[in-house]
Amino acid sequence: MKNQFWIGLAFLRKLTWSKAWNLGLLYASYAFSQLTRKPIIWGMPTTLSLEPTTSCNLRCPECPSGLRAFSRPTGMLHFSLFKETIDQSKDHLTWLHLYFQGEPFLNPEFLKMVSYADQQGVFTSTSTNAHYLSQDTVDQIIQSGLRQLIVSMDGITQEIYEKYRIGGKLEKVQNGLKTLISSRAKAKKIFPRVVLQFLVTGQNEHQIPALKTWAEALGVDELQLKSTQIYDYEDGSELIPSDLGYSRYIPDGKGKWKLKKKIENKCWRMWQGAVVTWDGRVVPCCFDKDAQYVMGQLPEKSLAAIWNSENYQKFRAQLLEDRAQLEICRNCTE
């Protein structure tokens, strides 16, 4: 609860009347859309995920970056495109997640992007595998204005950790976390808030008690136990935990597996925000990892034009009519 307080406080400090009004418009249009079963959009995106890079140093088995399996182009986000996107959206943007695929710290301009967004009054967050938290980088992170840093660490021993984070070094991750938390304390700062994220699998679920003890001793601000997305889950997988409380999937009673949650014909994400790939493609959400549903291209069109485009509205209409027909929705927890 303490971490939620500080995150909430940081969020509210960046919230202006125009941003709050825009957020209210989005909620209202989302409610009316569900009522009328027609897509109505009255505001601009309140959240964005921007992709610093598709490159990654690891080879995680359920990740396009790790598998080197993208069908879309790969590369690095240029600061000029980032700046233009922020300049277009800063008056209504309440949350920026500088992450989609890849490892953000591989982009040499990443912390420059964080600083610029923070200076423009935007709350910033990112996700990392924490292999690049050297003392120099940590000092820059603390000064950048980054408000939340999510660290993925899916094992408390090297043997278990590397089963999913293939190519990763647990000791490096743990040392980086220690450096960040101790340096933040020495600088008398409370940001970035450090969230330790643990993808629960059948390979690591037995380590949860030891993980909780380690995280508490280190002093991370929050520990998140997260369910793992699995692409070919129908025939089962060793990644599905035995404790189905940590699983997105359950047996269907016929020898197969199915999504635990029923896919409903609604999704707040389609009214809340969007994802922008490193080369400016605007896609509906983070489940569209291969950019199958491109709504428009920045900077060829403005974010406002794309957000209100016929293409986007048709996508929202299809979602309201039969969401299960959308490929990216079939493995979604929303």
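## Aromatic pairs

Rings of Phe, Tyr and Trp (its six-membered ring) count as a pair if their centres lie within 6.5 Å; planes under 30 degrees apart are called stacked, over 60 edge-to-face, and the rest tilted. By this rule, there are 13 aromatic pairs here. One of them is F5 with W6, an edge-to-face pair with 5.2 Å from centre to centre and 75 degrees between the planes.

Then there's Y30 with W271: the ring centres are 5.3 Å apart and the planes sit at 55 degrees, so this pair is tilted. It links distant parts of the chain, with Y30 in helix α2 (residues 17-36) and W271 in helix α10 (residues 269-272), 241 residues apart. Helices (H or I, at least four residues) and strands (E, at least two) are DSSP runs, numbered from the N terminus. Y30 and W271 are both buried, where buried means under 20% relative accessible area, exposed means over 50%, and partly exposed is in between (1.4 Å probe, protein chains only). Y27, Y30, W268 and W271 form one aromatic cluster.

## About the model

This is a predicted model, in which local features need pLDDT of at least 70 and side-chain atom pairs count only at pLDDT 80 or more, while totals for chains, interfaces and linings use all residues. Residues are numbered from 1 along each chain as its sequence is written, and side-chain values use heavy atoms, with hydrogens and water left out.

## Charges over rings

Two aromatic rings to look at next are F79 and F191. K112 lies over the face of F79, 4.3 Å from the ring centre, and R147 lies over the face of F191, at 4.9 Å. For a charge to sit over a ring, NZ of Lys or CZ of Arg must be within 6 Å of the ring centre and within 35 degrees of the ring normal.

P192 is in the loop between α8 (170-186) and β5 (193-200). That loop also holds K188, which has a positive phi, near 60 degrees, in a residue other than glycine. At 77% relative accessibility, K188 counts as exposed. Another cis peptide bond joins L298 and P299, with omega at about 0 degrees; P299 lies in the loop between β11 (296-297) and α11 (303-307).

Now for the loop between β3 (124-128) and α6 (135-144), where you'll find N129. N129 is buried, at 4% relative accessible area, and its side chain makes a polar contact with the side chain of H131 (3.1 Å). Such a contact is a pair of N or O atoms within 3.5 Å; within protein, one must be able to donate a hydrogen and the other to accept it, and residues adjacent in sequence count only if both atoms are side-chain atoms. A130 lies in the loop between β3 and α6. Its phi is positive, near 65 degrees, and A130 is buried at 1% relative accessibility.

## The enclosed space

The structure holds 1 cavity of 30 Å³ or more. On a 1 Å grid over the protein atoms alone, a cavity is a set of points where a 1.4 Å probe fits but cannot get out, and lining residues have an atom within 4 Å of a point. The largest cavity has a volume of about 60 Å³, and its lining includes C267, M270, F287 and I328.

Note on methods:
1 Å grid on protein atoms, 1.4 Å probe; cavity = no way out; pocket = protein on both sides within 12 Å on 5 of 7 lines; lining within 4 Å. Points joined across faces, edges and corners; volume = space filled by probe spheres on them.
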